[in-house]
Amino acid sequence: MTNDRNDLTLQRFPGRRSPGEGGNASTLAKPYRAFSVGRIGAITVNTLTELTRLKVFYFLLVFALLLIGSSMFMAQLTFQQEFQILKDVSLGAMSIFTSLLAIVATARLIPQDIEDRTIYTILAKPVPRLEYLLGKIAGVLLLLAIGTLVMGAVFFLVLYAREQTLVHVTMRQMAAAPREQIDEALRAVRASAFNSDILPGIVIIYLKACLLAALTLFVSTFATTNIFTIVVMAFIYFIGHLQAIAREYWLQEHSSGWISRVFLAVVALIFPDLQAFNLVDDIVAGTAISLGLFFKTAVLGVFYTTIYTLLAAFVFYGKEL
Amino acid sequence: MIRGLLVLVILLALGALKLPMERDLAAVHRQEHFRGVEFNLDLREKIGQLGFIAALSGFRSIVADGLFIQAHVAWERTEWGRVLLLFQHVTTLQPRALLFWDMAAWHMAWNASVAAMNDRTQPRLALRVKAQREYFALGKDFLERGIKNNPDRPELYEALARLYKEKYKDHERASEFFGKAAALPGARTYDRRFSAYELSYCEGREREAYERLRQLYDKGEKERLPTLISRLKVLEDKLGIPQDQRIPDSKSLQH
């Protein structure tokens, strides 16, 4: 079932007259637009509402929040060690759960709509398939943004609470010390706790999740079940983290046989480089992220997300429904 | 079918388009000290299959933290061999975390070396001293590798200087590394001073030490700390500095 014929038609409603028939301007039929942000917005809101009603979403979010929150009780170490572990665990949890959420939420979008038959109702209306997919992916991206914001807020709250506790402990322990020494100690505690590079790190975690959502949407356009999509995405996730090694190996001409060279080339060309988005490990370790690096990584993330969404639309246009 | 083939062709064409972008980004990452870990068979053997998969999936720091906590427990049980092994894994996984290099060196050069020296199961002093020196060397090795991975940060240079000073009593090397730390951005204010103090203990380099200490002294009240004044006094006597060029006595300074 396709709606290609509807694309450039005028919407007409029974009982309404055309302008030449002296009809009221407010009751006139609006001309059909080939691309409507309003229609995409409606699908986006609907998708977001649908996803937020899913139990799995709350399960993942609560589990992530518990993990972030519990990291402050994990180990009684020195304050530098504590902050290092707290940040590592929290950002790691954010990375895992946003990726999981992106894959799980997107994998069920099209199969669920086919199963519920809502896809037929939507596409029977003059809604192009591209708009349908854009609305769906925008809903997932919005959900991921909310999830990342909530997790980020909890993470900063835990970090702040731990920092304040340590500031009070330090002040109590150094009550008799000179003012300068106290200030130096407090500066050290604060410097270990908050690092402004964490924020771009969180944005990159979100971009990685967006990329995974777009890729999942692409896979789900030719998959028949969401289980198949999730399994394929799990493989892609691992291969994507190895892509950089395959690429370098292929381009440096280390490999011997042509079969392995072709294999490496296929891996390097088809899969995204997911290691490029794993910057938080080094950010927590104290490596500063420059604006140029952040911008380049963000551009790559947006590039992948756009490409996979457009490819998904291309496949979806040819899909028999 | 045709559409599927077309998708594959588009994917390959876009792959060729993204390749320079990815390579450029990877080069910037390396330049800015990201992607410092080589994922190879050596790493897999070190951290095991599960840890390797986790590290590959982008959870390198979490695996490193888990191993670090294990190392902490091993330290509490004084299992020094295990502490060494775990810290080798931790530092391999997180080469940019200064804390791990510093802790590893501290456990080896300070804790394990003392434990080796006080080992009651080893009656021969020569063997206890040998074990102690081996732990010093392990601590030094951690710090040297840490510096190799983090040449832009002063903390490990300072830790290595402390190790040379306190464990090897090598004032010349201690002065050199305090000096290297002082030259880097973010160095502590005392690094320059400590470099000069250590140099003042080196036979044959008293003149150089005197000039550096004098320079610091002339910078103003903030640098005129008791150790600096006492080292300057020692060097003035040793070098026979004329009375009119010497710094005033601390008593007269107070007046």
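In the predicted model, the secondary structure of chain B consists of 11 helices and zero strands. Along the sequence, the pattern of chain B reads α-α-α-α-α-α-α-α-α-α-α. The chain is more spread out than a compact globule, because its radius of gyration is 26 Å, well over the 18 Å that the globule rule gives for 255 residues. Taken along the principal axes, the box filled by the C-alpha atoms of chain B is roughly 95 × 55 × 30 Å. Of the 255 residues in chain B, 38% are buried. When contacts in chain B between residues at least 6 apart in sequence are considered, 47% of them join residues at least 24 apart.

Chain B also touches chain A. The contact involves 43 residues from chain A and 35 residues from chain B. On the side of chain A that touches chain B, at least two residues each come from α3 (79–107), α9 (226–251), α10 (258–270), α11 (280–284) and α12 (291–317) of chain A. The helix that gives the most to this side is α12(A), with nine residues. Sorted by class, the side of chain A that touches chain B holds 24 nonpolar, 13 polar and six charged residues.

The buried residues in α12(A) include Thr297(A), Leu300(A), Gly301(A), Ile307(A), Ala312(A), Ala313(A), Val315(A) and Phe316(A). Also buried in this helix are Tyr304(A), Thr305(A), Tyr308(A) and Thr309(A). The partners against which the buried residues of α12(A) pack are α6 (129–173) and α8 of chain A, together with α1 (2–31) of chain B.

In soluble globular proteins, nonpolar side chains tend to be buried together. In this model, the largest nonpolar core has 129 residues, of which Leu144(A), Ala213(A), Ala214(A) and Leu160(B) touch the most other members. The helix that gives the most to this core is α8 (residues 198–222) of chain A, with 16 residues. Leaving out residues up to four places away in sequence, Ala214(A) touches Ile137(A), Tyr304(A), Thr305(A), Tyr308(A) and Thr309(A). Of these, Tyr304(A), Thr305(A), Tyr308(A) and Thr309(A) are among the buried residues of α12(A).

Definitions and conventions:
Residues are numbered from 1 along each chain as its sequence is written. Chains are lettered from A and ligands numbered from 1 in the order in which they are written. This is a predicted model: local features need pLDDT of at least 70, side-chain atom pairs count only at pLDDT 80 or more; totals for chains, interfaces and linings use all residues. Helices (H or I, at least four residues) and strands (E, at least two) are DSSP runs, numbered from the N terminus. The radius of gyration is taken over C-alpha atoms; the globule rule is 2.2 Å times the number of residues to the power 0.38. A residue is buried if 20 or more other C-beta atoms lie within 10 Å of its own, exposed if 12 or fewer, and partly exposed in between; C-beta atoms are placed from the backbone. Two residues are in contact if their C-beta atoms, placed from the backbone, lie within 7 Å. Ala, Val, Leu, Ile, Met, Phe, Trp, Tyr, Cys and Pro count as nonpolar, Asp, Glu, Lys and Arg as charged, and the others, Gly among them, as polar. A nonpolar core is a set of buried Ala, Val, Leu, Ile, Met, Phe, Trp, Tyr and Cys residues joined through C-beta atoms within 7 Å.
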